[in-house]
Structures are given as C-alpha cells and as structure tokens.
Amino acid sequence: MANTMLKFVSVPQRQPEKRTADARRADFDEIYEDYSPAAAGEQASRCSQCGVPFCSVHCPLGNNIPDWLMLTAQGRLEEAYGVSSATNNFPEICGRICPQDRLCEGNCVIEPGFESVTIGAVERYITDTAFENGWVQPIRPVRERAQSVGIVGAGPGGLAAAGQLRQQGFQVHVYDRYDRVGGLLVYGIPGFKLEKDIVARRHALLEESGVVFHLGQGVGSGADDLPFEVLRSRHHAVLIATGVYQSREIGGPGAGLAGIERALDYLTASNRRSLGDTLPPEAEALDAQGKAVVVLGGGDTAMDCLRTAIRQGARSVTCVYRRDKANMPGSAREVKNAEEEGVHFEWLAAPEAFLGDSTVTGVRATRMKLGLPDASGRQSVEPVEGSSFTLEADLVIKALGFDPEPLPKLWAQPGLEVSRWGTLKVGQKDFMTSLPGVFAAGDIVRGASLVVWAIRDGRDAAASIHQWIEANETASAVAEQG
C-alpha cells in the first residue's frame, strides 16, 4: 500500500478538466470531462488511508471511501465498484451531484495547501467504467418472496428502497405521477449537472431486476388517481417516498405579477424541453431567452436556475441572496461555476417589492447586514436603512426552498400524522408512520435535503419493511399453530 498510496505530498490535486465557460453556456451537457484511467488512479493514490476516515464519517451513506480509493489506485476497478456499490445504490449519481465540498471532501484530513482527494470525481469514474465493462448487473434475488411492497415516488429514496427490497426477493411496485423515473433527478436537476441518460440507465436496470413501475399514476382522490386505501390493499407494506414539491412563496407588493415564477416550474419546463417533450403554452413561456432574469435564493436550486438561464440566452442573470457568500447554503463549487458562466451576485440583499403594471419589470431590493447569532448559532440578517436599489427584471424566479404537500388531505388519510412542518411523522428507528404497515422515507420525512440522504433513508426504510414483514409472517405462523 505504501507504494501506491499517500501521494498527496508529491501529487497535486487535480479535478477532471472543465469545459470552457463559453462552451458550457452553449449547451446543457455535463461540464466536467471524464478522468483518464491514469489520472483516476493518480488522484486516488493521494488518499492518506487515515486511521479514522472522516470522509466516510461525514458521508450520509458511510461509504468505504479509503478502500475503493486504494483499489482504484491499484487498478482493481471491478473490486472498487463492488465496494462502492455495497453501500450506495447510485454512486454515479452521487459522484455528480453530491456537495462533496460540504461532505466527504470537505472533511478530508489532508491539510490545506495539499488539498483534499477528489472523491466525487473518482466515484463517478469507477461506476461509469463499471457500466462500460458490463460489471453492473441486474439484481437476482436468491429466492423470490410472495409478499409485495408498494412504493409511492420514483425519486432517489424510492428507487434505493426498491433496489434493496428486490435484493431480498420482495415483489416491488413503484408508483409515480410523472411519466419518467427519477423525480427531481430528471425534472429538477439540469443536464449540465446530471445528464438524463444516467438516470434512465438505472431505470432500465431496475426494470430488468424485476421492479414494476406504474408511471403517470398519481395517488389521491383525483379522477385518475389511485386511492391510497386501494394501494394499501394491494400490498403487504407501503413506502411513501414522495419528496417535497410545494414551493415556498414570497409576499410583498407586486408579488402576484406575471413573470414571477416558481423554480421547479421553470426547471421542469427546461428539462422537458431538453428531453424533447411538447410543452403546454404556459410552460413554453418559461424561457429566459433575451430576458433580464433575477433569481431569489442561495441554495443549489437557485444555482440550477441561474445557470439554466445563462444557457437559455438571458440578457442578464442576477442572484439576490440576503446573506453573504460565506453563508450560502448551496455548494461553493456551484457558486464558482455560476460566476465563471457570467452570473452576477447581489450578496446581502433582499427583495422588498416587485415593480410593474401587469407583468414584472423590476425588483426593488434593500441591502442587508449580518447581526448577532440566533438560537441556532447562525447570524441574523437586518435591513440597512435607506439602502434600497432596483434591478431590471423581465423574469423573476423564486428559489426559496420546498415544503411538503398536505398528504393527509390530498390522500383522504386523516390518520396519517404530520409534524408541525407538515412532514410525515415516523418512528425514529423503524420509519413506520401512524398507519400500520405504511412507512415513509426521504424528504417527506426530513424536509428538503440532499439526494444522498434520500438514498440513505430509502435503504434504512427498506430494511425496516423487511423486518416488519418477516415479524408479521412469524406471528401469523405462530397463531396458526396455536
């Protein structure tokens, strides 16, 4: 190991090459080039193989990162994929969209000046290589079970659970109101971060593994919806993994003007356009070409909107965020990419009114200053008196976060208990809701969060469902014998 690892002293950190900003602005393709085999091995060899791997500790999935870095450095890529995929259902997706600078790479123990190992890029390289070489195989359970599990939501949490349950031989049915598998992976995240064939590849693999998908099938009380009680009657257990889709709104004078749009509506229209879908007239209007665009918010969704507007040919693109750059909730890497591509940032600024008669023409904002820390330790923000300024805007996009939809009401399930934030209440260890045999995982439980946390929750919920079905089976068998 000493010959192949601990090379961070002699080998500098090198991320995969990025396409030039001019080239990136012209399309929705991913911005990073692939590592060559030599570069991947060389960057993996920088790992210090430390005794307490903080990269693994700070990964929600607890990935065995030092192990697969060592195997990559030794050229043992098939084994590296085996270790990587043992704890992560979608390493090629996490390698692309996880905020590694806040998780694994941000906690690498290599000292500043030598810089962290490029964990995400190596993870992506390993899995893409595995697919190219046919090492990624469909799930073939040791034995088939008669019991079935219904999963509502084909996002990362639902898909991770589907894979884990299929591994145990359960009959798995996934229901989703959209026409494609992936949820926000397809409709919320732009292609320049995650090309859609990457998600489609996993969909095909899960279908080949025996997972049955019911797409375009909503759950609820609508005319074409499947009533939740019917869904429950079909399956031995149900997992709710719907995510959170209800956009947070903003008030103030002029907030109802035309041209003020929700981030998810805007990103969905752009992604559907890229996928070649025919859009309804109201979605066709969600195009930034030739417009002055202002995006409100500072998370990764805001970065996605800003960088999408650049690619659509906006006249100007401005981000308005009420805190400073150091306090951005989004990935620092994404902020840097946005700056390179021509986004202008108005730090420490907050909207106070929207201007225009029937359609928005501008945003009046006020400067903010950071105050004392609040109860959570985060600095409060306070307006600076007399600091108002106006930004031109033909299109304003609200990227202020997401809240859960009111599922008990939509699904006519008053017994489905929710928290004061509207998320589903589940048992701390078993992921079961207030309805017996109904489990929940991902954002619908924890609130808007990262894809990697949804995968973790989906895996853990699947293990709980497995235990619950087996316990019920045992109890039934004992009762019959009695």
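User: How many of the nine residues of helix α4 (residues 65–73) are buried?

Analyst: Start with the term. Buried means under 20% relative accessible area, exposed means over 50%, and partly exposed lies in between, with a 1.4 Å probe and protein chains only. Helix α4 is mostly covered, with seven of its nine residues buried. A note on the source: this is a predicted model, where local features need pLDDT of at least 70, side-chain atom pairs count only at pLDDT 80 or more, and totals for chains, interfaces and linings use all residues. Residues are numbered from 1 along each chain as its sequence is written, and side-chain values use heavy atoms, with hydrogens and water left out.

User: Which residues of α4 are buried, and which helices do they pack against?

Analyst: Element names first. Helices (H or I, at least four residues) and strands (E, at least two) are DSSP runs, numbered from the N terminus. The buried residues of α4 are Ile-65, Pro-66, Trp-68, Leu-69, Met-70, Leu-71 and Thr-72. They pack against α2, α3, α5 and α7. After α4 comes Gly-75, with a positive phi near 80°.

User: Gly-75 is a glycine. Which other residues have a positive phi although they are not glycine?

Analyst: Two cases. Gln-49 has a positive phi of about 50°. Glu-115 has one near 70°.

User: Where do Gln-49 and Glu-115 sit, and is each buried, partly exposed or exposed?

Analyst: Gln-49 is in the loop between α2 (37–44) and α3 (54–57). Its relative accessible area is 18%, so Gln-49 is buried. Glu-115 is in the loop between α6 (91–97) and α7 (119–132). Its relative accessibility is 38%, so Glu-115 counts as partly exposed.

User: Thr-118 is also in the loop between α6 and α7. Why does Thr-118 count as buried, and what does it touch?

Analyst: Thr-118 counts as buried because its relative accessibility is 0%. For the neighbours, contact means heavy atoms within 4.5 Å. Not counting residues up to four places away in sequence, Thr-118 touches Gln-13, Arg-14, Gln-15, Tyr-35, Gln-43 and Glu-105. A distance can be read too: the C-alpha atoms of Thr-118 and Gln-100, 18 residues apart along the chain, are separated by 8.7 Å.

User: Next, Thr-129. In which helix is its place, and what is it in contact with?

Analyst: Thr-129 is in helix α7. At 10% relative accessibility, Thr-129 counts as buried. Leaving aside neighbours within four places in sequence, its contacts are Leu-77 and Trp-135.

User: Now Ser-358. Is it buried or exposed, and what does it touch?

Analyst: Ser-358 is in the loop between β10 (349–355) and β11 (362–373). Its relative accessible area is 55%, so Ser-358 is exposed. Beyond four places in sequence, Ser-358 touches Leu-257 and Ala-258. Its C-alpha atom is separated by 50 Å from that of Arg-234, which is 124 residues apart along the chain.

User: And Ala-285: where is its place, and how many Å apart are Ala-285 and Gly-259?

Analyst: Ala-285 is in the loop between α13 (281–284) and β7 (292–296). At 49% relative accessibility, Ala-285 counts as partly exposed. Ala-285 and Gly-259 are 26 residues apart in sequence, and 9.0 Å apart from C-alpha to C-alpha.

User: What is the volume of the second largest pocket, and which residues are closest to its centre?

Analyst: The general idea: rolling a probe the size of a water molecule over the atoms shows where empty space is left. On a 1 Å grid over the protein atoms alone, a cavity is a set of points where a 1.4 Å probe fits but cannot get out, while a pocket is an open set with protein on both sides within 12 Å along at least five of seven lines; lining residues have an atom within 4 Å of a point. Grid points are joined across faces, edges and corners, and a volume is the space filled by probe spheres set on the points. The second largest pocket has a volume of about 390 Å³. It is lined by 20 residues, and the closest to its centre are Tyr-81, Ser-85, Ile-139, Gln-167 and Arg-202. The elements giving two or more residues to this lining are α5 (77–87), α8 (156–167) and α10 (196–208). The largest share, four residues, comes from α5.

User: How many helices and strands are in the protein chain?

Analyst: The chain has 18 helices and 16 strands. Of its 482 residues, 52% count as buried. Its C-alpha atoms fill a box of roughly 80 × 65 × 50 Å along the principal axes. Among contacts with a separation of 6 or more, 70% are between residues 24 or more positions apart.
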